[in-house]
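Reader: I would like to learn how to read the features of a model like this. Please start with the strands.

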Amino acid sequence: MKVTQIKETCLYIQDLDRTEDFYHGKLNFQVIAKAQERHIFFKAGASVLLCFISDTTRKEKNLPAHYGEGKMHLAFEVPEENYESVKKWIQSKGIEIEHEQKWKKGVRSFYFRDPDGHSLEIVPAGMWE
């Protein structure tokens with residue numbers, strides 16, 4: 001088996017409108033689907049970010065039940081040359097940078113939270129090469 005990428009990533013959330021305000025309103029992710037009381041999906045580069053109301057998908061009948069609790073972590077990649085401008089842009093949206101990490105070879109990334117407390121990270125392209 002050869003996997004080419006992770007196509008979808010999922011977060012479990014409490015409030016669709018609050019999540020839409022954050023990911024679309026502040027981060028400018030395109031909304032590609034929304035179903036009241038169930039989910040909202042966003043385009044994130046070449047990937048899709050699925051945000052589900054856990055209590056709803058826990059009771060699924062048509063699809064395998066799935067749900068989760070707790071704080072998750074996602075990292076979003078940006079072009080290396082845009083790292084600093086993205087950090088300033090995030091801050092200009094009123095989003096607090098929780099931590100900036102220096103990794104090997106001088107690579108940096110920074111962390112912030114979404115409204116459900118999920119840990120989000122911005123990493124420069126090439127970080128894992």
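Author: The bridge partner of Phe-42 in β4 is Leu-49. This is a predicted model, where local features need pLDDT of at least 70 and side-chain atom pairs count only at pLDDT 80 or more, while totals for chains, interfaces and linings use all residues. Residues are numbered from 1 along each chain as its sequence is written, and side-chain values use heavy atoms, with hydrogens and water left out.

Reader: How many bridges join β3 to β4, and in which direction do the strands run?

Author: Strands of a sheet pair through backbone hydrogen bonds, either parallel or antiparallel. Here β3 (residues 39–44) and β4 (residues 47–53) run antiparallel and are joined by six bridges. Strands (E, at least two residues) and helices (H or I, at least four) are DSSP runs, numbered from the N terminus. Two strands pair if DSSP finds at least two bridges between them.

Reader: In what order do the four strands form the open sheet?

Author: The order is β1-β4-β3-β2, with mixed pairing. β1 (8–13) and β2 (30–35) are the edge strands, each pairing on one side only. On average, neighbouring strands of this sheet are turned by 20 degrees against each other, direction ignored. Axes are lines fitted to C-alpha atoms, for helices over the stretch in contact, and angles run from 0 to 180 degrees between N-to-C directions.

Reader: Which helix lies across these strands?

Author: Helix α1 (residues 16–26) lies across β1, β2, β3 and β4, and runs at about 10 degrees to β3. Contact means heavy atoms within 4.5 Å.

Reader: Which residues of α3 are buried, and why are they on the same side?

Author: An α-helix has 3.6 residues a turn, so residues three or four places apart point the same way. In α3 (residues 83–92), the buried residues are Tyr-83, Val-86, Lys-87 and Ile-90. They are on the same side of α3 because they cover an arc of only 100 degrees around the axis. That arc is taken from the directions from the helix axis to the C-beta atoms. Buried means under 20% relative accessible area, exposed over 50%, and partly exposed in between (1.4 Å probe, protein chains only). On the other side of α3, Lys-88 and Ser-92 are exposed. The cover over the buried residues of α3 includes β5 (73–78), β6 (99–102), β7 (108–113) and β8 (119–124).

Reader: What joins the side chains of Lys-87 and Glu-84?

Author: A salt bridge (a side-chain nitrogen of Lys or Arg within 4 Å of a carboxyl oxygen of Asp or Glu) joins Lys-87 and Glu-84, at 3.7 Å from N to O. The two are three residues apart in helix α3, so about one helical turn separates them. Lys-87 is buried at 13%, while Glu-84 is partly exposed at 29%. Salt bridges that share partners join Glu-84, Lys-87, Glu-100 and Arg-108 into one network.

Reader: How many salt bridges does this rule count?

Author: The count is eleven. One of them links Arg-38 and Glu-60, whose closest N and O atoms are 2.1 Å apart. Arg-38 lies in the loop between β2 and β3 and Glu-60 in the loop between α2 (54–57) and β5, so the pair ties together parts 22 residues apart in sequence. Arg-38 counts as buried at 18% relative accessibility, and Glu-60 is buried with a relative accessible area of 18%.

Reader: Where is Glu-37 found?

Author: Glu-37 is in the loop between β2 and β3. Its phi is positive, about 65 degrees, although Glu-37 is not a glycine.
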